[in-house]
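Visitor: Hi, I'm new to this one. Can you walk me through it?
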Amino acid sequence: MPHHWAGLGNGDFMFGRQRHVRTFAIALTALVLPATALATQASAEPLPPPSIRLIAGSDSAVIHLYPKGRYEVHLPVFVAADGGSFEVWHQRATYDDPVTTSQVVRDANGDIIDTLPIADLPEQTMSGGLPAFMTTELAKRNGTPLKDVTRAFCPNSWQPERIDDSGPIVPTFPFFCWSSPFTRGMVLGIDEGWSTQARTTLGQNLKIDPGTYQLSVSIAEPYRTAFGISAENAEVSVPVIAIEENGRLSRRQAARTTTAPEAQTERTSAPIGTPPDSALPDLEALPAYGIRIDNKQRSGRSFMSFGATAWNAGPGPLVVEGFRDPAESTMDAFQYFYENGDPVSKLPAGQLAYDNRDGHDHWHFRDFAAYSLLNSNMTKVLDSGKEAFCLAPTDPIDLTINGAEWRPWLTDLGTACGQEGSLWIREVLEAGWGDTYAQYRPGQSFEITNLPNGTYYIRVLANPDNVLLEGSSTNNEALRMVKVHGKPGERWVEVPPYGLIDSEGADCGYFC
């Protein structure tokens, strides 16, 4: 169940040849580059073409064993661009010709500067990406192989992840590897600073005993040679523990005897620094609504639930990105500031943590809002346990303000709450939009079982620890009066209108 309660979140034919024969590539470059560019290229040693590398999202893995050989492997492995954007074209000149494969190299402006036809690969087709590309192998701890599966790889992921902010803000390659029978050109690729998750399953059935093993993922040799992939970048290997469904072995027994993956080298396109005021978001808290009392008949306990919204009054979008070192369980968060669609600077913004509770199972940003119940003297009597968020535009609040985004779902700068093994998260709240959460879960709603009858105030506080940089903090607090009545086990609440708005009436929305 989602935790939000509202609005839910090719070119000319090339002849094949070996990559290491550079003379043809240089001659081809001479045909398409102006003389000034040729002079520059001749005076400098040419850079190697972009390549790819494997990254393990964890330094250990778990295999869950189920009856009849069924299993689940939890080892996120990512294929990342290395040394620039990695781009491959499949082409055929006519329907009588086989598919040929070329690597395309572009300059900083996106113009093609080199095209490297590649031979001696497994037979290529237009669909499915790169065949026989990657092998997943399970072995005993002493190295004895038990099972291996070789699979194709599609670089064009529908859910790519950033490894740093050196590349484009959003991916530029297609998000699919399928094609028509009559497709004549197909583009595959991974942008600089981005990665694609690879499949790491071991086939249909896996019959092994519980215990510890070694799980390896490696790129096949023809591709290593073709794309200049070094040995250290072509394979990842981690210890893995296999546990039965009944939990006979604990995940805490997972072996961690290998060296943790090296932290990724930070390459930044947005400098650390304070942005101009025109790039700042402005978080504003709105009054609580949809306020209800849930009386538990068996236990006699009573809980006050409510909905709460914080919105971005602009003019800049609120953008928080997290990057995780594979050896760490949290992500370092940064707030990014945009002008005219481009990031101009960034600042540290705390951390993101993975929430594995039922109904969550994604990464949360902890410093977006806080909720409290105050008495009539404005003294806090209760806190909501809600402390983590995955930002998304759930409610339009004011689409007439400067910088408001009318169609936030079509900007491509969208929220990605991720999976447990994710390396990167981006959470976004565009100007003009609010993010609404319902505090009805245990620990999030207010328990009022022993609360005296009387007048109270639900306080919604945006940016409670001032982790986020915003245009103003004077509008970060909103209070909503509530009057608690009744006897234990039969509590009820009276909610006066807020100005002219009776949010608890016939138009109260989700909570009616």
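Predicted model: local features only at pLDDT ≥ 70, side-chain atom pairs only at ≥ 80, totals over all residues.

Visitor: Where in the chain do Trp194 and Trp424 lie?
Guide: Trp194 is in strand β12 and Trp424 is in strand β25, 230 residues apart, so this pair links distant parts of the chain.

Visitor: Are Trp194 and Trp424 buried or exposed?
Guide: Both Trp194 and Trp424 are buried.

Visitor: OK, and what about Phe306 and Phe446?
Guide: Phe306 and Phe446 are stacked, with 5.1 Å from centre to centre and 20° between the planes. Phe306 belongs to strand β17 and Phe446 to strand β27, so the pair ties together parts 140 residues apart in sequence. Phe306 and Phe446 are buried too.

Visitor: Which residues do ring pairs link into a cluster?
Guide: That would be Phe86, Phe133, Phe153, Tyr223 and Phe227.

Visitor: What sits over the ring of Phe334?
Guide: The charged end of Lys346 does, 4.9 Å from the ring centre.

Visitor: Switching to the sheet: what order do its 4 strands come in?
Guide: The order is β1-β4-β12-β10, in an open sheet with antiparallel pairing. β1 and β10 stand at the edges with a single partner strand each, so one side of each has no neighbour in the sheet.

Visitor: And how many bridges join β4 to β12?
Guide: There are 4 bridges between them, and Ala80 stands opposite Ser195 in β12.

How values were computed:
Residues numbered from 1 in each chain as written. Heavy atoms only, no water. Phe/Tyr/Trp six-rings, centres within 6.5 Å; stacked < 30°, edge-to-face > 60°. Helix = DSSP H or I, 4+ residues; strand = E, 2+ residues; numbered from the N terminus. Buried < 20%, exposed > 50% of the residue type's maximum accessible area, 1.4 Å probe, protein only. Lys NZ or Arg CZ within 6 Å of the ring centre and 35° of its normal. Pairing = 2+ DSSP bridges.
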